[in-house]
Amino acid sequence: MPELPEVETVRRGLIPAMEGRLIQLAEVNRPDLRWPLPANMPERLTGKRVLALRRRSKYILADLSSGESLLIHLGMSGRMLVSGITLGNFFHDHPAPAKHDHIVLHLEGGARVTFNDARRFGAMDLLPTATAEAHPLLSGIGPEPLGNAFDESYFAATLQGRNTPIKSALLDQHLVAGLGNIYACEVLYRARIAPNTRAGAITDAGRLVAIIRDVLLEAIEAGGSSLKDYRRTDGELGYFQKAFAVYGREGQPCQTPGCTATIARIVQSGRSSFYCPNCQK
Ligand SMILES: [Zn+2]
């Protein structure tokens, strides 16, 4: 499941193909993804210019010249493929239409953007740009962790008196946007905080804010370098997640210098938490 850094990497990869360009033709090849696609979707996209490509949490928003925004959610298995344009050092020729190519946007300049989703857990919708934040998928989402609103005073006030484990608080999209299981584990490992620590017991919210930002920015940077060096012949906007320090490493030695413990796994709210019992207290 892509988290904030992976979605941001896809957004950055889409910019050269989409931003500022006219959608010359929109092919919509089925009525639904996870939910029904919006009515008259081809007509509402065709002939519209993409003014900006934004991200809110794990959603990409393409603001159109019509006053609507195309909301894109990759879901579990959604993939964006870009062809007809040079991405980094590589030109991607148009591939033959493939199974599960549900939406194909033909853009001014010759680029083609394809949304392929075998399992159809992804979603797209069209909404008025001016009231985008009121969309059911976006309303109630907390501040962006890389934005100014997410600071020490906000996070300290948010955690204060909260009895849930800190891991659950990090995953709560109402409190902070875009963090998923992988980066929540990585953040707590770097912060040396045990995942079952009571959120209200965190004494240095500012330090945790800084670590959240660092972990996400490093992942975005790694994604950006993977885009520049992108070699896949089908033009899929990939993200090669760097080796994680703790996520998925149950039973392996802790990477902290001098620590001889092995990474443990517990299940919290149905999700695996990976942590070092020695380093994280
Ligand atoms: Zn350790």
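Let's start with strand 2 (residues 50-56) and strand 3 (residues 59-64): 6 bridges join them, and they run antiparallel. Strands here are DSSP runs of E, at least two residues long, and helices are runs of H or I, at least four, numbered from the N terminus. Two strands pair if DSSP finds at least two bridges between them. Across this pair, Ala52 stands opposite Asp63. The two strands make a hairpin with 2 residues between them, and Ser57 in the turn has a positive phi of about 55°.

A quick word on what you're looking at. This is a predicted model, where local features need pLDDT of at least 70 and side-chain atom pairs count only at pLDDT 80 or more, while totals for chains, interfaces and linings use all residues. Residues are numbered from 1 along each chain as its sequence is written.

Now look at Lys58, in the loop between strand 2 and strand 3. Is Lys58 buried or exposed? Lys58 is buried, because 22 other C-beta atoms lie within 10 Å; the cut-offs are 20 or more for buried, 12 or fewer for exposed, and partly exposed in between, with C-beta atoms placed from the backbone. Leaving out residues up to four places away in sequence, Lys58 touches Pro2, Glu3, Leu4, Val7, His73 and Gly178. Contact means that the C-beta atoms, placed from the backbone, lie within 7 Å.

Note on methods:
Two residues are in contact if their C-beta atoms, placed from the backbone, lie within 7 Å.
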